[in-house]
Amino acid sequence: MGLDRAGALLTIDLGAVRRNWRVLRDRVGPGVRVGAAIKADAYGLGAARVAPVLAEAGCRDFFTATLDEGIAARAVLPDTEARIFVLNGAPPGTDGEFASHRLIPVLNTPDGIAAWREGPAALHLDSGMCRLGLTPDEVVELAGDPAFGARDIALVMSHLACADEPAHSRNAAQLKSFRDMLARLRDGAGPRAPVSFANSPGIFLGPDYHFDMVRPGAALYGINPTPGKPNPMAEVLRLQGKILQVRDVDRPQAVGYGATHRVAGKGRIATVPVGYADGFARSLGNRASGFLAGYRVPVVGRVSMDLITLDVTDAPADIAAPGAVVDLIGGGRPLDEVAKEAGTIGYEILTGLGARLPRVYVERTA
Ligand SMILES: *Cc1c(COP(=O)(O)O)cnc(C)c1O
């Protein structure tokens, strides 16, 4: 499969995922486990392909959002010692499924803790994000509960709200709040469990944030965990489209829905079969560019469901011709830059990639 038959192609480099995991492992050093967030189908890249590669690299701790994602992950990690944590916890009556698929719920509320009867669980503490997890008061109450000491707690975790802004005062505030809650748990009847705090950008806040395990997602998939600085991660994803038609324009002409772009005089417009149905956000209209054999070719006019139009006037006619391949994300068009042009973040671009796009998995070594 490739661009011979299809007009667009998504190439996913599993070798880059593997290298990214190792970069993070080397960064945190020995003694700190490096887990992997594979929720939302490994950020849209395909958990069935990504998870086994990470397990092979040495990852033993996986995080999904939902029970069904956890069951799917177990099916592709059958014989490994991999632990699979389900971040959204255990819906009522699903204990049996957690047990039979060897999944670990992350318990986020006192009710969730009370309802969970048997088997290992993780505990989520809210250190200041106001999203999931126990409040400091709830931690105090839990620590005083003798029944809690008997629980099999596999991990105590919290999540950072502003780790992608290293100078943000909330990082240190959350660290302090988390440490206070951990101390409360230990002072009380709580068991001594391993601790996890950092997501991808959190890893780069320094060793204070590493504890026993880090939980990257984005960085594994090539998103820059250090915004504003050079990206230390390898590029994983490449979206390419093939020019379907080139229109020679010789008089003023409007392009696309809403006639939002005008070719002033002479020019050439190439049409490429990638649209918002493929996850090429509509907000990229008149904002993004493609990359064609070293030429930057701006997206002009609106993004349609199935098509975009590129101004290829500056590229030689024999290069900007039907069949020529244009890089749209990756390969000269860094994912984070495209996300910025779309007014969003790389996470949303990845998870929004359309099911229609043909996919090829490769394993490049560098
Ligand atoms: C998604 C998620 C992560 C991974 O975050 P990245 O920023 O993608 O590294 C870690 N922990 C929790 C609780 C999450 O929801």
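## Second largest pocket

A pocket is an open set of grid points with protein on both sides within 12 Å along at least five of seven lines, and its lining residues have an atom within 4 Å of a point. In this predicted model, the second largest pocket is lined by 15 residues. Those nearest its centre are Val 255, Gly 256, Ile 269, Thr 271 and Thr 309. Two or more lining residues come from each of the elements β12 (245-249), β13 (253-255), β15 (267-272) and β18 (308-311).

The volume of the second largest pocket is about 240 Å³. Its lining consists of seven nonpolar, six polar and two charged residues.

## Stacked pair Phe 63 and Phe 85

The model has eight aromatic pairs. In one of them, Phe 63 and Phe 85 are stacked, because their ring centres are 4.9 Å apart and their planes lie at 15°, where under 30 degrees counts as stacked. Phe 63 belongs to strand β4 (residues 61-64) and Phe 85 to strand β5 (residues 83-86), so the contact ties together parts 22 residues apart in sequence.

Phe 63 is buried at 2% relative accessible area, and Phe 85 is buried at 0%.

## Edge-to-face pair Phe 197 and Phe 211

Phe 197 and Phe 211 form an edge-to-face pair, with 6.0 Å centre to centre and 80° between the planes. Phe 197 sits in the loop between β9 (195-196) and α9 (200-203), and Phe 211 in the loop between α9 and β10 (213-214), so this pair ties together parts 14 residues apart in sequence.

Phe 197 is buried, with a relative accessible area of 0%, whereas Phe 211 is partly exposed at 23%. Ring pairs also link these two residues with Phe 178 and Tyr 209 in a cluster.

Definitions and conventions:
Residues are numbered from 1 along each chain as its sequence is written. This is a predicted model: local features need pLDDT of at least 70, side-chain atom pairs count only at pLDDT 80 or more; totals for chains, interfaces and linings use all residues. Side-chain values use heavy atoms; hydrogens and water are left out. On a 1 Å grid over the protein atoms alone, a cavity is a set of points where a 1.4 Å probe fits but cannot get out, and a pocket is an open set with protein on both sides within 12 Å along at least five of seven lines; lining residues have an atom within 4 Å of a point. Grid points are joined across faces, edges and corners, and a volume is the space filled by probe spheres set on the points. Helices (H or I, at least four residues) and strands (E, at least two) are DSSP runs, numbered from the N terminus. Ala, Val, Leu, Ile, Met, Phe, Trp, Tyr, Cys and Pro count as nonpolar, Asp, Glu, Lys and Arg as charged, and the others, Gly among them, as polar. Rings of Phe, Tyr and Trp (its six-membered ring) pair if their centres lie within 6.5 Å; planes under 30 degrees apart count as stacked, over 60 as edge-to-face and the rest as tilted. Buried means under 20% relative accessible area, exposed over 50%, partly exposed in between (1.4 Å probe, protein chains only).
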